[in-house]
Amino acid sequence: MTFLAPASRARRAALPVALCAGLTAVLTACGEEPPPDPDAGTNGVGKLSATAIESKARAAAGGAQAVRLSGTLVSKGGTYELNMRLNRTGAAGSVVTKTSTFELLRVGDALYLKADADFWASATSAEGEARDDSGTGAADKLDDKYVKVPEDDPSYKQLRGFTEMNVLLNGLLELHGDVVKGDRSKIGGIRTIKVAGGPKGEGGTLDVSLEGTPYPLQFARGGGAGVVVLSDWNKTFPLTPPSKDETLDYGRQLPRTSD
């Protein structure tokens, strides 16, 4: 029988203990997964400061050639529900107020308004001219027809404002107060990062795309003054003037479109 010296027995006993300790460490390390990287697979904008994100979004919007804008705007003039496709030379879409619904089409400087008979009946009734000389309701004639808005008409500037891409974007994308970075979210299935004016978004909150070009995808105005969604960035769409058969002359000053 062979007897091991005490030192040899100690070394042999320590070996399994060391192996077990090492194996335990390896298994533990393998079992601890690192936290997911929120910027994995994104355009990296989420890693930037709040002001840098806002700047990137404004630059992306400024370089775009087209966009769809839909949502609600609240102003001193009333509440407007917009669904407009806009590009650098014109626009097409609809505007809904508390009292009326109408469509707008602008091709260059030529601006057209189309509304139903109720819209025109309200306008002509307000002027005390609900019927023309032939006794036929003027509103019925104008129903679903385009009316070209004269450039010297007081309503021209107001209506054109709904069709100006630069005007709408510059007004909508401005955050007020100290800009802070918020949570990640999704708009239309696209990952976004929020930046806000003020810690509670009192100066507005902007959702910026974390996928592809960092376009602004949603803007919530401060004080509950409306939320608009921005989509179809750079997607072209046709803009052609209506035909003569689709157009009639209103023959008087157009009605104002306040709420």
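Tyr80 is a buried residue, with a relative accessibility of 7%; here buried stands for under 20% relative accessible area, exposed for over 50% and partly exposed for anything in between, with a 1.4 Å probe and protein chains only. The structure is a predicted model, in which local features need pLDDT of at least 70 and side-chain atom pairs count only at pLDDT 80 or more, while totals for chains, interfaces and linings use all residues. Residues are numbered from 1 along each chain as its sequence is written, and side-chain values use heavy atoms, with hydrogens and water left out.

Phe162 is buried as well, at a relative accessible area of 9%. A pair of aromatic rings is described by the distance of the centres and the angle of the planes. Rings of Phe, Tyr and Trp (its six-membered ring) are taken to pair if their centres lie within 6.5 Å; planes under 30 degrees apart are stacked, those over 60 edge-to-face, and the rest tilted. This rule gives 5 aromatic pairs. For Tyr80 and Phe162, the ring centres are 5.2 Å apart and the planes meet at 55°, so this pair is tilted. The two residues are 82 apart and link distant parts of the chain, Tyr80 being in strand E2 (residues 78-87) and Phe162 in the loop between helix H5 (154-161) and helix H6 (165-172). Helices (H or I, at least four residues) and strands (E, at least two) are DSSP runs, numbered from the N terminus.

Tyr112 and Tyr146 make an edge-to-face pair, with 6.3 Å from centre to centre and 80° between the planes. Tyr112 belongs to strand E5 (residues 110-115) and Tyr146 to strand E6 (residues 145-148), so this pair ties together parts 34 residues apart in sequence. Both Tyr112 and Tyr146 are buried. Elsewhere, one aromatic cluster is formed by Phe102, Phe119 and Trp120.

Helix H5 starts with a contact from Asp153, whose side-chain oxygen comes to within 2.8 Å of the backbone nitrogen of Ser155. Ser155, Tyr156, Leu159 and Arg160 are the buried residues of H5. They fall within an arc of 130° when seen down the axis, so they line one face of the helix; the arc is that of the directions from the helix axis to the C-beta atoms. These buried residues of H5 pack against strand E4 (101-107) and E5, contact being defined as heavy atoms within 4.5 Å.

Val195 lies in strand E8 and is buried, at 0% relative accessibility. Leaving aside residues up to four places away in sequence, the residues that Val195 touches include Ala50, Ile53, Leu175 and Leu206.

Overall, the protein chain contains 6 helices and 12 strands, and 38% of its 259 residues count as buried.

Methods
A polar contact is a pair of N or O atoms within 3.5 Å; within protein, one must be able to donate a hydrogen and the other to accept it, and residues adjacent in sequence count only if both atoms are side-chain atoms.
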